[in-house]
Amino acid sequence: MDLINKTILFVKEKLANAEGGHDWFHIQRVYKNALLIASGEECDETVVKLGALLHDIADSKFNGGDETVGPKVAREFLESQGATEAVISHVIQIIDNVSFKGGNTEKAFSSIELDIVQDADRLDAIGAIGIARAFNYGGFKNRAMYDPNIAPKLNMSKEEYKNSNAPTINHFYEKLLLLKDKMNTQTGKQIAQQRHQFMQEFLSQFYAEWDGAL
């Protein structure tokens, strides 16, 4: 069995009991998005595949905020499979730099492979799937859907973003609606446009229903 298929089995097993927005199906969608974007880019497809499959292997949100767990788990697995240090280091850099983290942190590393995986992950955070994931996670954390008295907080620091318990609707303004303009690749930008529009239509409908106007 090749490295990619072994990685798929490893991730499926590792995320068997994960929260619904960060489970194997999230990984699978990101993997498919990454392959679609990679088909139009000059890149190392193996690194893209491994980066997509392992990017959320131990999300810090579910590990007490510890951002070292994911890279450690990924490194141990890849070393056990005999991957080269060059591939391992690149995948670890992707895991370290892929997430939003409030949107205000500068990337400490750049590569087309990171750009592809980051776009693929961000596409899964917007559109219909993004809406479903946002409310699924909000329910998982027992957060309010919406509170008109709590305004979205923009330009949060990484720590403020990580520790926020704001209503789920606020998350649209604090992250989801910002992603369209943060896409890296042309394919990512094109797909994000349509998904962004869908979220705006959802919010219009949500507010109209909330106010009893529809």
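Modeller: Buried means under 20% relative accessible area, exposed over 50%, and partly exposed in between, with a 1.4 Å probe and protein chains only. Helices are DSSP runs of H or I, at least four residues, numbered from the N terminus. This is a predicted model: local features need pLDDT of at least 70, side-chain atom pairs count only at pLDDT 80 or more, and totals for chains, interfaces and linings use all residues. Residues are numbered from 1 along each chain as its sequence is written, and side-chain values use heavy atoms, leaving out hydrogens and water.

Biologist: Which residues are buried in α3?

Modeller: V47, V48, L50, G51, A52, L53 and L54. That makes seven of the ten residues in α3, which spans 45–54. The helix is mostly covered.

Biologist: What covers the buried residues of α3?

Modeller: Look for contacts, meaning heavy atoms within 4.5 Å. The cover includes α1 (3–14), α2 (24–38), α4 (69–80), α5 (85–97) and α6 (112–123).

Biologist: Which residue caps the N-terminal end of α3?

Modeller: D44 does. One of its side-chain oxygens lies 3.1 Å from the backbone nitrogen of T46.

Biologist: How many helices and strands are in the chain?

Modeller: Ten helices and zero strands. Of the 214 residues, 45% count as buried.

Biologist: How does the radius of gyration agree with a compact globule?

Modeller: The radius is taken over C-alpha atoms, and the globule rule is 2.2 Å times the number of residues to the power 0.38. For 214 residues a compact globule would have a radius near 17 Å, and the chain has 17 Å, which agrees.

Note on methods. Helices (H or I, at least four residues) and strands (E, at least two) are DSSP runs, numbered from the N terminus. A polar contact is a pair of N or O atoms within 3.5 Å; within protein, one must be able to donate a hydrogen and the other to accept it, and residues adjacent in sequence count only if both atoms are side-chain atoms.
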